[in-house]
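Please read the following note beside the sequence and the coordinates. Each numbered point may be checked in turn against the structure.

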There are 2 protein chains.
Amino acid sequence: MARRADRAGDGDDDAADVGGMPSPSALLPPLDAEQVEVLRRVGREWGRVTGDPAAWRRALPVSPDLGGFPAPGEIRPAALGRHVRISSLGGEPSAIELTEGDEAGPGRRARAARLLRRAVLGMPLRSSAIARERLRKRVALPVLSADALSSVAYGPEALLAVLLLAGVAGLGYTSPIAAVIVVLMVAVGLSYRQTIRAYPHGGGSYLVASANLGRTPGLLAAAGLMTDYVLTVSVSVASGVAAISPVFPKVANSPVPLGVLVILLLLAGNLRGVRQAGRLFALPTYAFVLAMFLLVGVGLFQAAGHGFTPEATPHPPATEAVTLFLVLRALASGSTAMAGIEAISNAVPIFQPPEWRNARTTLTMMVSLLVVLFVGIITLVHLTGVIPHHHETLLSQLAHHVLGSGPAYVFVQLATASVLLLAANTAYNDFPRVLFLLARDWHAPRIFLRLGDRLAFSHGIIVLTVAALVIFVAFGGRTAALIPLYAVGVFLAFTLSQTGMVVHWHRARGRVHDRHRRRSLLLNGTGAVLAGIVFVAAVVTKFLAGAWVAVFTIGGFLLLAKRVRRHYDRVGEALRLRPHAFDLPTAGSQVPAPEAEPETGPETGTGTGQATETATDAETEEAPEQIHHLSVVPVAVLDLAGMRALAYAAALRQPVLALHISPSDEEAERFRENWREWGDHLPLEVVVTPYRAIVAPLIDYLEVLHRQRPDLTMTVILPEIVPRRRRHRLLHSRVAGRLRRALRTLPKIVVTTVPFHVE
Amino acid sequence: MARRADRAGDGDDDAADVGGMPSPSALLPPLDAEQVEVLRRVGREWGRVTGDPAAWRRALPVSPDLGGFPAPGEIRPAALGRHVRISSLGGEPSAIELTEGDEAGPGRRARAARLLRRAVLGMPLRSSAIARERLRKRVALPVLSADALSSVAYGPEALLAVLLLAGVAGLGYTSPIAAVIVVLMVAVGLSYRQTIRAYPHGGGSYLVASANLGRTPGLLAAAGLMTDYVLTVSVSVASGVAAISPVFPKVANSPVPLGVLVILLLLAGNLRGVRQAGRLFALPTYAFVLAMFLLVGVGLFQAAGHGFTPEATPHPPATEAVTLFLVLRALASGSTAMAGIEAISNAVPIFQPPEWRNARTTLTMMVSLLVVLFVGIITLVHLTGVIPHHHETLLSQLAHHVLGSGPAYVFVQLATASVLLLAANTAYNDFPRVLFLLARDWHAPRIFLRLGDRLAFSHGIIVLTVAALVIFVAFGGRTAALIPLYAVGVFLAFTLSQTGMVVHWHRARGRVHDRHRRRSLLLNGTGAVLAGIVFVAAVVTKFLAGAWVAVFTIGGFLLLAKRVRRHYDRVGEALRLRPHAFDLPTAGSQVPAPEAEPETGPETGTGTGQATETATDAETEEAPEQIHHLSVVPVAVLDLAGMRALAYAAALRQPVLALHISPSDEEAERFRENWREWGDHLPLEVVVTPYRAIVAPLIDYLEVLHRQRPDLTMTVILPEIVPRRRRHRLLHSRVAGRLRRALRTLPKIVVTTVPFHVE
């Protein structure tokens, strides 16, 4: 549990400075100024009771900086059979560094697990390898725009599928709606150009919304983004599988296993940290753009041959009338072609400097490409009269129509499939990063802050994989069913992000040039309004068709994230140092440094019920003199393991009570007899348990002791036999483990396990 | 781990005095005389260093006999939310007893689990309830002989099924082989009469064989018995289901689910401790005997009507010639009718006194009944000319033939089914008892010594259930396939037990009356030879037909049991107290009682590499002055949890080293800065781990410290945040748990968990 210096981030622009870059120190954020001050005061209290720090240092029986151990280059025997090598770096303060990272137990199984891990993931990377890699524009463009560009593989189809319900009359609305979508693309693109400028360290929707609009809008944007990313994986993989089905007909028979395999490959690749393969990833996007230009170009050339007159359209039957509802629904469906447009604004820091300028240029290029491809495909659909069809994707139909079934067709399909795969991969980059930001703001488990061996957020990657797999399998790998879920999350994030930018510019009065500010305000305002309209349209028109799932998911996520934060807030409050919590110590209760001669012994009571004034269940002791020790040693048998536990306890020079749990009176008497033979050196109590329970009476006994002296910190010292081989553990009592788990929940009870290793 | 006083039992008759009765103290056997002597010497060493025992007693801050806590009858608030009530009984020495047994954590889930447990099992029983119940002969007879008597439901059929292979010529051998089996029954019965006399505390095959023949024969007998019991459950349940199939034809369609259900009911009943229902259990056996007498009587009466001339036999085709091999195979199959004959000799102590005499009388009655029923059924088969048939059991055919299909027939079938069920239940009594004996002799995990809530050996019952279920389901509930497996185990146990008795009488020269001894020698010798012949016949003639499974199982069991014993022997050796292991202490290293003023501080080294002469990895410290402490406190953050762990460590007044594992140099510097702000009261070392691992560098660091001073006992004090609710654990680091597991395997490292409870 770490202190939170970054708590106050809500409501101002500071978050922009923090940005979205991962850092291995995120798990251990710095203390805030107030806590440092408290720390100083706590330290003064300690100083009065612990005496000279130098004495404690002299008392150390080892040299903590490992002076000379191990000798440089020495290959140490695996005496303790393990793990990594650390070595002293020398210098002042003495520094120790891990020189070789690998984490695996001894044993054969652990070694096999490590080998497998290394084979799949590769060798671990040092933290300092973060952010070494910067991308040039011509590499960043394909890597970051795969998601957005690939959306044209399913966006137009989704649009037409809705209009088709109204037959020929419906299809007539294709061009106006497409025009609106193009306007949307341009507006959102311009909006994000402003965001990039204002948040040069990375301005994802979550950061912008929470910085400017507050915590709840931020979490809503994060929820929208995260559902979006999960769906991107499912939809892209499903579309990719659909794209290659006509090429490899055998694949078409089992789309679900193939899709699952693809998702698992994405998992493995991302755990390995595939970001390094950026250059390789440029290929599919460029191939896809080339394929689309080929398709549209040849199509237009053919159409020019017969004077751009549309070919004969089949007359599909109308099942619905053309209503505003239908039009809005078509708009919402078609807008999924914009999914992924925000990717560049998230990733500004990976550009070469000047980052923000390069990112803006790239964004402009991406939006231009997106508009061109979208318009081209819609035009081609209009000219060829192709309509959506259950057995073949729209793009495949177009390619068949324009390019026949030759190698050109295969090229288009393969390029589409690979760019969709790449789009799914984009989600793998972004989803864990949003989780990282949420965890940094205490809205998600802290584990999502941890960078894996390969500097990827392994836990977030695994969560994304599981969620995507569940959805993909549950929907049987059919894309169309997922589209309604899609638009809600995407446009929720757009709307909140752009609204956040409006507030940002509004607040920036006086800080930035006024003309720039007004222009930005206008652009972001337009973006926010347009995105908001599409969001509302998506929720309203598709609510019953499935958007309710997305709405409930987002709502549930919001609740959960707030609860997580509340829990962390309470824990943080409980963990704060409180300098006034302890009363000033008296000289007599001074805890001497171990080698110093103590002036008096520890103040231990001699009777019962001698509860001190600090007697509570609360675990608020912050200084040594507040802790009054009592060691309780449960001993079953007077063998070497039990004797060592008693010796360990006695050597601590704190009051010791030995406890024996006996199943019968006769056995109890026998044990007492042995104890007397031994010499009765330590106080013993025997509890007879006619029901043969061991854990329960021990806990009850400790509870009664706790009631006698609630101020005592009781240390339960458990002897535990630890066989070397795992299979031998079956042969030994598991009482120590059960006791440890049961005692965990008791206040002021510390559990010490004294292991006794055999064989 | 307990000391073993009963180790030396091999090879003499002492085991007879111990008997097979369960005892809750078995888990804690008394120390042997040598260990008590060693204990005394160890105690003298302690006395030199720990000082006045009274001082330690005075130092106790609590009164361990709970004086006045809680007040009698007081309903204490569930402050620590738990478990049982213990109360002081007063007196000298002070005694504490559990007044109400129940073991369940706080939380709703634990309470629900407890309710379910109580509903299925009933309230727990006190240990003193053991052996309160004694059975009269007329109750003991049906309870203990169900297994043996029910065997006639499948024994004759198994015999005929083999002879049938040789057609009419084969069936001609029925009478001679049956006669041999009767001789066997009488001989084995007489043999067991001797066993009961010689082992009045219970003389199961395992006890007799291991006491007289040595460890390996004893284990072989146990293995034979245990496979026998597992098969008894499977075969009896299968036969019982087959018996009611003609009555309830719907049942016949799904024998496996019904059989599984029956086995699970047996499990539940036996966990609850169904032994109490003895009286109820008398019914099925008497009903079965009555039914058999009815069947045989009416059959003979009908046969008398036509002058005892056998009816026309169908002429089955012969597929094999009559060979010695076939005859022996038939003998081995038919002998399964004797399974269960040893039950009474196992259970002598449950008879009313004089136990052995009542048990012998009961055994005689049982064998007489068995012979009568067996002969009657074979005769009836001969007279009616019924032959085994795939679709109906032999007994059912006989009953149909003699009694028609009316209520008398139904009575016979139901009585057969219920006695078979009871026979399966007998195995539930005996199997866990054999496991108990094995565990007492360190040949099986100690857990089988534990008596459950209801004084049943729950773990053995569960093992039997699992094994029986696996076999029953694997064989699809068909009895015939299991018969070959059966005879091997049964007759192996008989042979070894009787051979053991021969040795017993041979050794008893001079101790018992010579005529009695010679007569017994003759009887047991005959029994041993005959049983041995059947055993060899069973193995040889049925080896390929399935007996090899039994042979390999028994062999595997033998190996496993010996390995278990070897492990326990090694552990026992390691755990023995060794008074000479420690060098005499110097005055300076005296460990003072906690309240006494120490003359000097503990001897802690001040440099590195100052390994003392006792420096080893071995954990052999037996006395406090041999233990040199170093507390290592891994601190991630300077919050209250971390501060409490530091305070806990400092209050122990032993050398303390704080350790911080840092992911980066910057973070390391920041932490050092905070540490200085605090006042640098304790020595701190920071390890930078660029690979972000936490567990591995900590372990490696400790390893290096251990190499500096192998004599040190290092206590790793881990602060751990423990949320009240289980679901909140996901939100907190699990590093403490992982560290604890990883540190478990390291020598001389003690792990202390200082919990910090939140919410």
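The points below concern confidence, domains, helix packing and backbone geometry.

1. Confidence of the model. The structure is a predicted model, and it scores ipTM 0.83 and pTM 0.81. For chain A, the pLDDT averages 80, and 84% of the residues score at least 70. Residues 1–18 of chain A, however, have a pLDDT below 50, and in the model this stretch has 55 contacts beyond near neighbours in sequence. Residues 595–616 of chain A also stay under 50, with 47 contacts beyond four places in sequence. Where pLDDT is low, the predicted coordinates should not be read in detail.

2. Domains of chain A. The domain assignment divides chain A into domain 1 (136–569) and domain 2 (605–758). Taken over C-alpha atoms, the centres of domain 1 and domain 2 of chain A are separated by 61 Å.

3. Helices 5 and 16 of chain A. Helix 5 (residues 137–150) and helix 16 (residues 355–384) of chain A have axes that come within 10 Å and cross at roughly 45°. An angle of this kind makes helix 5 of chain A oblique to helix 16 of chain A. The contact involves residues of helix 5 of chain A including Leu141(A), Leu144(A) and Ala148(A), and residues of helix 16 of chain A including Met365(A), Met366(A) and Leu369(A). By class, the residues of this contact are ten nonpolar, four polar and one charged. As for handedness, helix 5 of chain A passes helix 16 of chain A in a right-handed crossing.

4. Helices 20 and 21 of chain A. Helix 20 (residues 483–507) and helix 21 (residues 514–575) of chain A pack with their axes 6 Å apart, at an angle of about 155°. Angles over 145 degrees count as roughly antiparallel, so helix 20 of chain A is roughly antiparallel to helix 21 of chain A. The contact between helix 20 and helix 21 of chain A comprises 24 nonpolar, twelve polar and two charged residues. The crossing of helix 20 and helix 21 of chain A is left-handed.

5. Helices 10 and 19 of chain B. In chain B, helix 10 (residues 215–244) packs against helix 19 (residues 458–474) at an angle of about 50°, and their axes are 9 Å apart. Helix 10 of chain B and helix 19 of chain B are therefore oblique to each other. Among the residues making the contact are Tyr229(B), Val233(B) and Ser234(B) of helix 10 of chain B, together with Leu464(B), Ile471(B) and Phe472(B) of helix 19 of chain B. Which classes of residue form the contact of helix 10 of chain B with helix 19 of chain B? Eleven are nonpolar, one is polar and none is charged. Helix 10 of chain B passes helix 19 of chain B in a right-handed crossing.

6. Backbone geometry. Most residues other than glycine have a negative phi, and most peptide bonds are trans. In chain A, a cis peptide bond joins Pro353(A) and Pro354(A), with omega about -5°. Pro354(A) lies in the loop between helix 15 (343–346) and helix 16 of chain A. In chain B, the peptide bond from Pro353(B) to Pro354(B) is cis, with omega near -5°, and Pro354(B) is placed in the loop between helix 15 (343–346) and helix 16 (355–384) of chain B. Trp442(A), a residue other than glycine, has a positive phi near 65°. Trp442(A) is found in the loop between helix 18 (407–440) and helix 19 (458–474) of chain A.

Note on methods:
Residues are numbered from 1 along each chain as its sequence is written. Chains are lettered from A and ligands numbered from 1 in the order in which they are written. This is a predicted model: local features need pLDDT of at least 70, side-chain atom pairs count only at pLDDT 80 or more; totals for chains, interfaces and linings use all residues. Side-chain values use heavy atoms; hydrogens and water are left out. pLDDT is the predictor's confidence in each residue, from 0 to 100. Contact means heavy atoms within 4.5 Å. Axes are lines fitted to C-alpha atoms, for helices over the stretch in contact, and angles run from 0 to 180 degrees between N-to-C directions. Helices (H or I, at least four residues) and strands (E, at least two) are DSSP runs, numbered from the N terminus. Angles under 35 degrees count as roughly parallel, over 145 as roughly antiparallel, 65 to 115 as roughly perpendicular and the rest as oblique. A crossing is left-handed if the near helix is turned anticlockwise from the far one by less than a right angle, and right-handed if clockwise. Ala, Val, Leu, Ile, Met, Phe, Trp, Tyr, Cys and Pro count as nonpolar, Asp, Glu, Lys and Arg as charged, and the others, Gly among them, as polar. Domain bounds come from an automatic or database domain assignment.
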